[in-house]
Amino acid sequence: MPANRGQSFTILMAEDDADDRLLASEALAERRDSNKLVFVEDGCELLEYLRSEGDYAAHPRSLPGLILLDLNMPRMNGLEALARIKEDSRLCLIPVVVLTTSNTETDIVSSYSLGAASFLTKPAAYKDLVSMMSILSDYWTDLVQLPNSGGQC
Amino acid sequence: MPKIRYWQLLFLLTALVIILNVVVVIYSLARVSQTQDAVQQARQIMMTIRATYSAIQDVEISERDYLLWNNEDAQQIYRDSVAKVVEGVQRIRTSQYDGHTFAKLVGFESLLMRRLHVSSLDELSFPYAGTPSSLETWSIPENAALLQEIRSTILDIEQSYGVLLSSRNGELEASERNISIAVSLVTTLGVLGIALMYRALKRSLARQQRWETELLQQKQALEDMVASRTAALQFSNRELERSNRELEDFAFIASHDLQEPLRKILAFGDRLKARSGDALGENVDYLNRMQSAAARMSMLIQDLLEFSRVTAKPKEFEQVSLNAVLAGVLEDLEESINASKTSIRADPLPDIQADSTQMRQLLLNLISNAIKFVSVEKTPEVRITANTKLLSVPATLSDQEFLELHVIDNGIGFDSKYTERIFTPFQRLHSRSEYTGTGIGLALCRRIVERHSGELIASSKVGHGTDFTVILPVRHESPDVDTASESLPPGTLLQESNQHAS
């Protein structure tokens with residue numbers, strides 16, 4: 001299920017801020033590409049989505065090709081969710097990009113040590129967000145060859 | 001004047017008593033020996049008198065023998081006896097005798113002369129060749145009466161000598177009594193004095209001991225007080241450090257969280273402008289102003305974050321080559337240096353223990369400041385001088401090596417009344433349209449210098465450029481010195497530095 005070249009895939013964004021969710025979807029929409037953006041609002045919902053548990057038990061979703069993860073979220077924060085994902089052999093291959101307002105040394109270091117693919121700070125200007133979203137989308141869709149499912153972490 | 005103690009006074013008194021008694025004893029002993037001499041002399045005189053008396057008796061007997069029996073031997077005996085009498089008289093004369101026996105002795109002598117029928121004994125030349133008087137002139141009763149008179153005179157003399165002797169004996173006894181009294185007095189007083197002295201000394205020693213104990217207790221109490229004060233100070237110092245850190249953390253977190261809504265304002269403003277900019281017509285100017293104000297606020301918050309980060313997120317001090325830092329800064333500023341045609345002259349800079357990032361920020365801010373505020377009439381010049389010197393640090397009471405760095409420009413300068421204001425965050429002396437910037441640069445510089453336990457001041461005159469003086473310790477005792485406990489009151493080091501210079 002992870003994406004291959006040319007195929008469209010789902011980007012799952014864990015973000016508790018409604019404004020940021022709106023801005024992100026609008027930014028991606030500027031590109032009018034086929035990648036779908038789905039939102040969850042905190043770490044718990046993210047894990048339920050990925051494991052088809054809780055609200056998602058009735059309607060299981062396919063695994064996303066990329067996870068955009070905010071760090072500062074209610075219930076379960078980004079770093080803990082990241083650790084859970086990387087512990088799970090079914091989920092550990094999904095690339096996780098941390099997208100947050102923080103730029104402190106400790107957050108950067110712990111994100112990478114937990115296995116984040118990248119650490120990005122939310123840009124202030126909308127046009128910067130547009131280019132960032134499009135670069136992210138292109139990179140994980142077209143440039144990176146991800147292993148087929150069943151690969152080991 | 002040294003205070004005379006009780007036991008010292010006692011010692012002096014005892015010594016005085018002993019000396020006095022020694023004098024009395026010596027005087028008494030002298031008197032005793034004198035008396036003994038006088039007694040001895042009196043005895044000798046008595047013996048001489050008796051011998052003389054027996055010699056005069058011999059004269060009487062030998063005269064009678066000669067006159068009655070015409071005995072030649074008797075004449076010889078008579079002559080010998082007369083010689084003995086004369087000898088005795090001479091001996092008495094040479095003896096020392098006291099006043100009241102003198103008259104009696106003179107009387108004794110004249111009786112002897114009468115008996116010998118001479119007016120003076122000196123008439124009798126020796127060897128005596130005279131003969132006894134003739135029978136016609138010789139009178140038994142007269143001679144007998146004379147002898148009787150001589151005997152009674154002798155008895156009288158003996159009696160007065162007896163009185164004298166007994167009085168002398170009394171004197172002797174008195175002297176002996178005096179001596180024994182003196183000796184026993186000295187002994188008693190000496191023992192008493194020594195006993196009192198011992199007691200006084202013991203008391204004085206005990207008092208001294210007590211004082212020492214009290215002194216020790218007071219010293220201990222003082223030390224305890226100092227220790228408790230130190231502990232209290234350390235506690236309040238820690239409290240201050242903690243609250244200071246909390247404030248810095250607060251500033252850091254607040255400025256971080258303030259960025260968040262601002263980012264949204266900017267992003268949605270961009271969206272509004274992109275989607276409906278055309279529809280707004282000339283009203284889009286309001287939107288532009290809003291956006292630029294928001295951008296400016298974002299910059300201010302960014303600077304505030306930077307400012308609080310100097311101490312909120314510090315790096316450890318390391319050996320930093322300021323030459324390398326300066327080279328990097330000049331490279332970064334190359335474009336603006338060339339654009340303003342500024343000439344930069346720099347002394348070689350030393351290596352110091354510091355936070356390299358902050359040193360870079362410090363030099364960058366100071367030099368870009370110098371390039372920014374150039375005067376239109378002059379070719380911009382920036383001079384960077386450096387020298388190291390020993391300055392005494394009040395907190396440690398020791399000399400420490402410091403770097404004194406000057407960044408001097410020939411720009412527009414400023415009024416000296418603003419020398420402190422320029423270091424306050426977001427304080428500006430010029431409008432934003434004249435010179436760009438948020439006004440955080442110099443505040444940041446001062447904060448960096450203070451974090452390094454140094455000082456930063458400026459001196460300037462309008463139109464004559466500005467001289468920024470940076471004083472930084474070359475070494476730090478601990479790798480990362482806390483600013484809260486180490487920073488000095490402003491001006492301390494610079495005053496010191498000026499004293500050294502003059």
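1. In what sense do strand 1 and strand 3 (residues 66-69) of chain A pair, and over how many bridges? They pair in the parallel sense, over four bridges. Within that pairing, A:Leu12 sits opposite A:Ile67 of strand 3 of chain A. Bear in mind throughout that this is a predicted model.

2. Staying with chain A, strand 1 (residues 10-14) has another parallel partner to look at: five bridges join it to strand 2 (residues 36-40) of chain A. Here A:Met13 faces A:Phe39 in strand 2 of chain A. Four of the five residues of strand 1 of chain A are buried, so the strand is largely enclosed by the rest of the structure.

3. Now to chain B and its sheet. This one is open, with five strands in the order 2-4-5-7-6 and mixed pairing. Strand 2 (343-346) and strand 6 (455-460) of chain B take the edges; each has a single partner strand, so one side of each has no neighbour in the sheet. On average, neighbouring strands of this sheet are turned by 20° against each other, direction ignored.

4. Inside that order, have a look at strand 5 (residues 398-409) and strand 7 (residues 466-473) of chain B, which pair in the antiparallel sense over seven bridges.

5. Helix 8 (residues 356-372) of chain B touches strand 4 (381-393), strand 5 and strand 7 of chain B, and its direction makes about 25° with that of strand 5 of chain B. Helix 9 (residues 441-451) of chain B touches strand 6 and strand 7 of chain B, with its direction at about 140° to that of strand 6 of chain B.

6. How do helix 1 (residues 6-69) and helix 2 (residues 72-94) of chain B pack? Their angle is about 155° and their axes are 8 Å apart. With over 145 degrees as the cut-off, the two helices of chain B are therefore roughly antiparallel to each other. Their crossing is left-handed. By class, the contact between helix 1 and helix 2 of chain B has 14 nonpolar, six polar and five charged residues.

7. Last one: B:Leu196, which lies in helix 4 (residues 140-280) of chain B. The C-alpha atoms of B:Leu196 and B:Thr14 are separated by 10.0 Å, although the two residues are 182 residues apart along the chain.

Methods. Residues numbered from 1 in each chain as written. Chains lettered and ligands numbered in written order. Predicted model: local features only at pLDDT ≥ 70, side-chain atom pairs only at ≥ 80, totals over all residues. Pairing = 2+ DSSP bridges. Axes fitted to C-alpha atoms, helices over the stretch in contact; angles between N-to-C directions. Contact = placed C-beta atoms within 7 Å. Parallel < 35°, antiparallel > 145°, perpendicular 65-115°, else oblique. Left-handed = near helix turned anticlockwise from the far one by under 90°. Nonpolar A, V, L, I, M, F, W, Y, C, P; charged D, E, K, R; others polar. Buried ≥ 20, exposed ≤ 12 C-beta atoms within 10 Å, placed from the backbone.
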